[in-house]
Structure formats: C-alpha cells, structure tokens
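Student: I'm new to this structure and would like to learn how to read it. Could you walk me through it, one feature at a time?

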Amino acid sequence: MKKDFQYDNPENWKWGIFYCNRKDSRFIVPKQIEALGWTLNFAHPISYILISLIFAFVAYKIYG
C-alpha cells in the first residue's frame with residue numbers, strides 16, 4: 001500500500017510538523033512518528049476546506 005510520495009523527505013515537512021507535498025494525492029497522511037496519529041497534507045486543497053469548516057463550526061458554537 002505504501003507508494004513513494006517522498007513522504008520521508010524532510011523537504012516535505014515544514015518546521016517538522018506540517019506535511020506539504022503536491023505530488024502526494026492523499027490529504028490525510030500519517031505523522032512522521034506514526035504512533036502519534038495523522039496530519040493533513042497542506043498542499044492538498046481539501047485540507048484548507050476541512051480546516052475552514054472546523055473553524056466555522058467552532059466560531060458558530062462560540063458566537064452563534
């Protein structure tokens with residue numbers, strides 16, 4: 001199942017925590033230490049839509 005998206009390449013990890021790789025079609029990827037969970041591929045447009053929806057939901061709960 002593992003494809004070579006250069007996942008292990010440190011160039012694809014901004015500040016060591018943000019995964020950003022346009023060649024990787026996945027928008028959710030495992031973290032560098034896989035036992036810690038998953039993270040978003042910030043080069044994928046769906047990631048920004050998902051983050052926007054989360055912030056909108058939180059804002060609605062706080063101010064709505």
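Student: What is the mean pLDDT of the chain?

Tutor: First the idea: pLDDT is the predictor's confidence in each residue, from 0 to 100. Where pLDDT is low, the predicted coordinates should not be read in detail. Here the chain has a mean pLDDT of 89, and 92% of its residues reach 70 or more. Among the elements of the chain, α1 has the highest mean pLDDT (95) and strand β3, residues 28–30, the lowest (90).

Student: Where do labels such as α1 come from, and where is L50?

Tutor: Helices (H or I, at least four residues) and strands (E, at least two) are DSSP runs, numbered from the N terminus. L50 sits in helix α1, residues 45–63. I49 is in helix α1 too, and it counts as exposed at 51% relative accessibility. Between I49 and I28 there are 21 residues of separation in sequence and 13 Å in space, C-alpha to C-alpha.

Student: Which residues make the nonpolar surface patch?

Tutor: Patches are made of residues with over 30% relative accessible area and no salt bridge; like charges are joined within 9 Å, and nonpolar side chains (Val, Leu, Ile, Met, Phe, Trp, Tyr) within 5 Å. The areas come from the Shrake-Rupley method with a 1.4 Å probe, and for residues only the protein chains shown count as cover. In this model L50, I54, F57, V58, I62 and Y63 make a nonpolar patch of about 650 Å².

Student: What do the database records say about residues 46–63?

Tutor: UniProt positions are given in the numbering used here, feature names are shortened, and annotations may be inferred rather than shown by experiment. An unreviewed UniProt entry annotates residues 46–63 as "transmembrane region". In the model that span is 100% helix and 0% strand, with its end C-alpha atoms 25 Å apart. The UniProt annotation "domain: DUF5808", also from an unreviewed entry, covers residues 22–48. That span is 15% helix and 22% strand, and its end C-alpha atoms lie 14 Å apart.

Student: How many salt bridges does the structure hold?

Tutor: Side chains of opposite charge can pair when their charged atoms come close. The cut-off for a salt bridge is a side-chain nitrogen of Lys or Arg within 4 Å of a carboxyl oxygen of Asp or Glu. The structure holds 1. It joins D24 and R26, whose closest N and O atoms are 2.8 Å apart. D24 is buried, with a relative accessible area of 2%, whereas R26 is partly exposed at 30%.

Student: What is the phi of W15?

Tutor: Most residues other than glycine have a negative phi, and most peptide bonds are trans. W15 has a positive phi of about 55°, although it is not a glycine. W15 lies in the loop between β1 (13–14) and β2 (18–19), and at 77% relative accessibility W15 counts as exposed.

Student: Which residues does P30 touch?

Tutor: Contact means heavy atoms within 4.5 Å. Not counting residues up to four places away in sequence, P30 touches Y7, W13, G37, W38 and T39. P30 is in strand β3 and counts as buried at 15% relative accessibility.

Student: Is Y19 buried or exposed?

Tutor: Y19, in strand β2, has 0% relative accessibility, so it counts as buried. The C-alpha atoms of Y19 and V29 are 8.1 Å apart, with the two residues 10 apart along the chain.

Methods
Residues numbered from 1 in each chain as written. Predicted model: local features only at pLDDT ≥ 70, side-chain atom pairs only at ≥ 80, totals over all residues. Heavy atoms only, no water. Buried < 20%, exposed > 50% of the residue type's maximum accessible area, 1.4 Å probe, protein only.
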